[in-house]
Structures are given as structure tokens and as C-alpha cells.
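Subject: Structure handover

Hello,

I am passing on the structure below, with notes on what was found in it. Please read them with the model open.

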Amino acid sequence: EFVTVMAFLDFPRHRADVSVVEVGLGGRLDATNVITPMVSAITTISKDHEAYLGPDELSIAREKAGIIKPQVPVVIGKVTAEVSGLLRGIARDRESLAHSLGVDFSFSLKPDGLFDYRGIKQYFLNLELGLRGRHQRANASVALAALELICDRFPVNEATIREGLRSVSWPGRLDMMHERPTVILDGAHNPEGVKALVDELRDIRQDRKIRLLFATMADKEWELMLGTLAAVVDEVIFTKVEMERSADPRVLAEKFSERIPHRVISDSRAALRALMQEADEQDVIVVAGSLYLLGEVRPMLEEITIAKTANSRAADSQL
């Protein structure tokens, strides 16, 4: 709550043209929900933070629907038909126009990672996105629909839209940090995020081995996450992050019933170092399960990458 207040005080001091305010938890009771936005967006609904938001998708959707304000349009991303009906019904009760992905706007994939956007009024061909994954094209479409709905108050031309999508960067989301072996950091920490990661790994895999470094918070649905990841990984190292909420990696290992080689290395940096030393050049190392885990290992990866680049340049200069 204090950080949210600090942000709201800081934005006008910097004369922000527009602020994108992301809910912290749920929506209805979140500190960010004191504002009245130009447009609201609900990208997806998945089971997460059930202790606070409810045990099923409809309960969670009701909490997230708290950001739908009277007579303020809302954009809805990829959700089930049941959730869509609930959200659109709440919007109707609040006299808010609801625009749903797949109904009022859509996207289609093209070769080479490009996609077309068929919007509420606009239509863009051959858009390039700086993020990997089909789910990010869906998210980009939600953003484009939201922009359409506020174009009178915040106009953005096509050239700027194309450049924004092309150049967007999101560390920790299918983030390739190293080559030979390939090291991918992904902040997937719930079943839906893990499913999106696995879909992408199936395309990346080819004939290569995938080695997983995994840590999670104890209150997450980690058994479901591990069950999904087991379909594509060849080895797992369980580790933990330096905070009380972190799940005990020994418990994770004991509960892991899949017939896949696995072990425990409690220090996350030592675990990643071991994976990189043991992996073949063509292998893929995936770090997932917690954004906190990514925060711990990313600085080490950056140092390794910088050192490798410096050594390569020094070798080239001696030729």
C-alpha cells in the first residue's frame, strides 16, 4: 500500500502522459483499485493465491472483476467461456462495454513469429513482437485493444505501435541469457505460466536435453507445475530461494514421483553452476518456478556472459 501511494505521488511529479497500473493481488481489494482508469484490462484468469482470492477460477474472476468501473470499458483476454460470461455480466451491470479476445478482436500467427491483429476498428498486418510465445501475442492483442479504446484521449500512431511491440523487453519471461548451453530464465510460478513455458519448450527442444532448475514458494501449486514440466524435462535440480516462503527442496524431491533424474542443491547459484558445468553445449537449461529464484541467479549469469564476451573479443584481437 505504501509503495502504491509513493507511485501515485511520483507519476505527476514526472508529468507522466499515461500510467499503466498493474494490480498487485486480485483486484477488488487491491491498493491500486482506488483509481478510475480510462480502460481496464483482464488478461487471463488462473488459479493462484487461492488462500486470498478463492478456490476456483470463478471466485478469482469475481475478485479481478473488481477493477471494472462503472461506464469504463474493459478488455478481456484469453479466458474460459464460463469466466467470460461472468466478467461480461459484471461489466453489463456496471454499464461498462466489454471487449473479449476471440469475439470483438483477435490475432492470427504468421511465419517467422509475426502476427496479424484484427481489432475493434483497426487492423494491423505483420506485427513483430520482441517477446517469445503465443501467449504474448494474445497479451499484445489485449494491449492493442485497450489502446484503441482510449485513442481519443491518448492517440498512438501505427509506426509507434509497431516499434513499441518490436522493441519490448521483459527480463525473466522466456529470457535467453546464455548460449552453449542455452540458459532460459522464465518467471512461470503458477500452472498457467508453466503450461505456456512448456508449449514453448516443445518448439525449442528438437533433439536436445532440457535440464530444469526449480524453486517455488511453499503456498504455490507446485505439484501441478512439476507434473506439467515433467513432460518435457530430462533432469531436475531442486533448490530454494533465501526467504521464509520458499518451499523446502527436499520436500519437492520427495514428492516428485516422475521417473526423471533429480537431486537437491539448496544453494541456487551453486545449483545453476553445477548444471552449466555438467551440460553439453547443445543442452537447454531452464530456470523456473519463482521470480525470486530468477532474481538470485540472474546477476551470476550476467557476469558469466560478460566474461565470455570479453574473452571472445580478446581472442579475436590476437588473431
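Asp-283 is buried, since its relative accessibility of 2% is under the 20% limit for that class. The model is a predicted one, and the values here are computed from it. Asp-283 forms a salt bridge with Arg-211, with 2.9 Å between the closest N and O atoms. Asp-283 sits in the loop between helix 10 (268-278) and strand 12 (284-288), and Arg-211 in strand 9 (residues 210-214), so the pair ties together parts that are 72 residues apart in sequence. Arg-211 is also buried, at 12% relative accessibility.

Asp-283 is also one of the residues in contact with Thr-182, which belongs to strand 8 (residues 182-185). Thr-182 is buried, with a relative accessible area of 10%.

The whole structure has 16 salt bridges. Another of them pairs Glu-302 with Arg-298 at 3.2 Å, N to O. Both residues lie in helix 11 (residues 291-317), 4 residues apart, or about one turn of the helix. Glu-302 is partly exposed at 36% relative accessibility, and Arg-298 is partly exposed at 24%. Elsewhere, salt bridges with shared partners join Arg-211, Glu-235, Arg-263, Glu-278 and Asp-283 into one network.

There is also an open sheet of 3 strands in the order 1-2-3, with parallel pairing. Its edge strands are strand 1 (40-42) and strand 3 (98-100). Strand 1 is joined to strand 2 (residues 74-76) by 3 bridges, and Ser-40 has Val-74 as its bridge partner in strand 2. Helix 5 (residues 134-149) lies across strand 1, strand 2 and strand 3, at about 160 degrees to strand 2.

Regards

Conventions:
Residues are numbered from 1 along each chain as its sequence is written. This is a predicted model: local features need pLDDT of at least 70, side-chain atom pairs count only at pLDDT 80 or more; totals for chains, interfaces and linings use all residues. Side-chain values use heavy atoms; hydrogens and water are left out. Two strands pair if DSSP finds at least two bridges between them. Helices (H or I, at least four residues) and strands (E, at least two) are DSSP runs, numbered from the N terminus. Contact means heavy atoms within 4.5 Å. Axes are lines fitted to C-alpha atoms, for helices over the stretch in contact, and angles run from 0 to 180 degrees between N-to-C directions. Buried means under 20% relative accessible area, exposed over 50%, partly exposed in between (1.4 Å probe, protein chains only). A salt bridge is a side-chain nitrogen of Lys or Arg within 4 Å of a carboxyl oxygen of Asp or Glu. Lists of a residue's contacts leave out its neighbours within four places in sequence.
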